[in-house]
Amino acid sequence: MTEVGIDAVEIWTGKLKLDLPGTFAPEKGDDPEKYTKGLGLNNSSFPDVYEDIVTMGANAAKGLMDRKGLKPEDIGRIDVATESAFDHSKPVSTYIAGCLEQVYDGDFTHANKGERKFACLAGTQAIDDAYNWIRAGRNRDRPAIVITTDTALYARGDPGEATQGAGAVAMLIDEDPSIVALSTEQGYGSKDETDFLKPNQQFPSVDGKRSVQVYLSRMREALEDYESVTDDIELDDFVYAPFHTPFPGMVRKAALLAYRHVIRDTEYEDALAGEIGRQPREADFVDREAYEEAIRDYMDKLKTTEQYQTWYDTVVEPTLGLSREVGNWYTSSVHIARISALRDALTRDRSFVGDTLLVASYGSGAQAEIHAETVREGWREEIEELDIDDRLAARYDLTWEEYEDVHDVHEYDMDVEREIEEFTQPEAEFVFTGWGRMNERKYEYVE
């Protein structure tokens with residue numbers, strides 16, 4: 001059976017940045033380490049005044065198509081995943097296709113287009129849709145483009161304000177992929193939750209503490225479900241574990257939970273027994289509360305062990321590199337974690353064709369998905385082509401007052417009384433130009 005997976009990838013970051021320890025922390029009167037060590041973030045990306053989810057997604061898709069030498073007639077499907085959509089009917093994918101048709105000969109009239117919504121999980125679900133479409137033989141030998149694009153803004157003064165971000169990832173899903181092949185096995189953890197939601201509003205309503213608990217619970221359920229359809233997971237099966245990364249501090253919690261789960265009843269637990277004891281077993285406790293307290297105590301000890309820290313530094317920490325510099329990209333978050341892992345392998349000159357990633361996606365509301373991805377022969381050439389370092393270095397560094405202006409410009413219901421000039425000069429990219437007669441958003445390509 002021919003493998004299906006990610007054949008190529010491209011990233012577009014918002015062209016502005018907010019320095020969290022240098023600009024945000026002083027304004028809030030906070031210790032910079034609250035952000036760099038607590039949240040694990042250095043900077044956040046923001047869109048310039050002419051950027052939005054359409055321009056970022058279209059620019060990422062154009063970069064991918066140009067690099068792969070693709071034309072509209074070559075593409076059979078365009079799916080966009082976002083939780084920043086501005087239209088309740090017309091999908092973002094149609095806007096993006098319209099942008100691309102401005103610069104390519106031909107059109108996408110033959111291509112199936114859609115928009116996926118399930119908070120940050122939607123990007124992985126869109127990949128699943130494309131995978132199933134190809135597997136079903138309905139693609140007519142054409143690949144799909146999956147685009148994840150978001151402007152992740154919070155209300156001013158919200159506790160989540162430090163975790164904002166903006167950017168897009170475009171991925172080509174095809175048979176015989178160059179980067180990674182997707183496993184047929186998946187694990188899910190899903191439950192009706194109200195941890196993070198946007199009921200007819202741009203900015204999220206968030207129950208912060210509960211959101212962390214729900215994230216961890218759904219991840220645990222997805223891991224258990226994944227194990228039910230595969231052989232038991234072994235610690236050495238996976239070279240990297242990209243997690244959904246709203247901020248790196250959240251991943252530290254999820255990774256510890258996953259590690260404890262996987263080493264249970266293995267030689268790794270045995271090796272730690274003399275240092276921190278064995279994991280508590282619920283049957284040994286008279287009530288659930290006492291058991292959970294014992295688990296928390298065990299995990300506090302576990303995270304200090306050299307065995308765990310070595311695993312974390314090798315398998316998880318390398319997936320967080322981009323997130324630390326761009327913030328939360330919602331639907332793109334797990335996908336920039338995957339790219340960070342592959343970039344780490346490139347830096348280390350690892351030869352790991354045939355090795356496996358364990359990818360853990362999540363969306364509030366709430367659902368987690370876990371699946372495996374096998375590294376393919378062309379991964380190195382594809383990752384070498386990315387120019388994300390140059391794009392990050394070129395971002396305009398906002399002052400606090402400029403940040404306030406940018407936030408106002410991108411707040412849908414804000415009536416900005418004065419014109420805010422762009423901070424960067426658009427070049428060879430799509431830009432937002434205003435509204436049409438039906439209040440639709442308009443775009444053009446700037447050479």
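A helix here is a DSSP run of at least four residues, and helices are numbered from the N terminus. The model shown in these figures is predicted.

**Figure 1. Thr124 in helix H5.** Thr124 belongs to helix H5, which runs over residues 122–135. Buried means under 20% relative accessible area. Thr124 has 2% relative accessibility, so this residue counts as buried. If neighbours within four places in sequence are left aside, the contacts of Thr124 are Val334, His335, Ser361, Glu369 and His371.

**Figure 2. The whole protein chain.** The protein chain has 15 helices and 15 strands. Its radius of gyration is 22 Å, close to the 22 Å given by the globule rule for 447 residues, so the chain is as compact as a globular protein of that length. Along the principal axes, its C-alpha atoms fill a box of roughly 70 × 55 × 40 Å. Of the 447 residues, 57% are buried. For contacts between residues at least 6 apart in sequence, 78% join residues at least 24 apart.

Figure 3. An unreviewed UniProt entry places "domain: Hydroxymethylglutaryl-coenzyme A synthase N-terminal" at residues 3–175. The C-alpha atoms at the ends of this span, residues 3–175, are 6 Å apart. In residues 194–411 the end C-alpha atoms lie 23 Å apart. This span is 53% helix and 11% strand.

Figure 4. Helix H8 covers residues 267–276, and its buried residues are Tyr268, Glu269, Leu272 and Ile276. Seen down the axis of H8, these buried residues fall within an arc of 85 degrees, so they line one face of the helix. An α-helix has 3.6 residues a turn, so residues three or four places apart point the same way. Glu267, Ala271 and Gly274 are exposed on the other side of H8. The cover over the buried residues of H8 includes helix H7 (248–263), helix H9 (288–302) and helix H10 (306–315). Just after H8 comes Gly277, with a positive phi of about 85 degrees.

**Figure 5. Ala341 in helix H12.** Helix H12 spans residues 333–347 and contains Ala341. The relative accessibility of Ala341 is 0%, so Ala341 counts as buried. Apart from neighbours within four places in sequence, Ala341 makes contact with Tyr240, Pro318 and Thr319. Ala341 and Ala162 are 179 residues apart along the chain, and their C-alpha atoms are separated by 24 Å.

**Figure 6. Cys99 and Cys120.** Cys99 has 1% relative accessibility and therefore counts as buried. Cys120 is buried too, with a relative accessible area of 8%. The structure holds zero disulfides.

Note on methods
Residues are numbered from 1 along each chain as its sequence is written. This is a predicted model: local features need pLDDT of at least 70, side-chain atom pairs count only at pLDDT 80 or more; totals for chains, interfaces and linings use all residues. Side-chain values use heavy atoms; hydrogens and water are left out. UniProt positions are given in the numbering used here, feature names are shortened, and annotations may be inferred rather than shown by experiment. Helices (H or I, at least four residues) and strands (E, at least two) are DSSP runs, numbered from the N terminus. Buried means under 20% relative accessible area, exposed over 50%, partly exposed in between (1.4 Å probe, protein chains only). The arc is that of the directions from the helix axis to the C-beta atoms. Contact means heavy atoms within 4.5 Å. A disulfide is a pair of cysteine sulfur atoms within 2.5 Å. The radius of gyration is taken over C-alpha atoms; the globule rule is 2.2 Å times the number of residues to the power 0.38.
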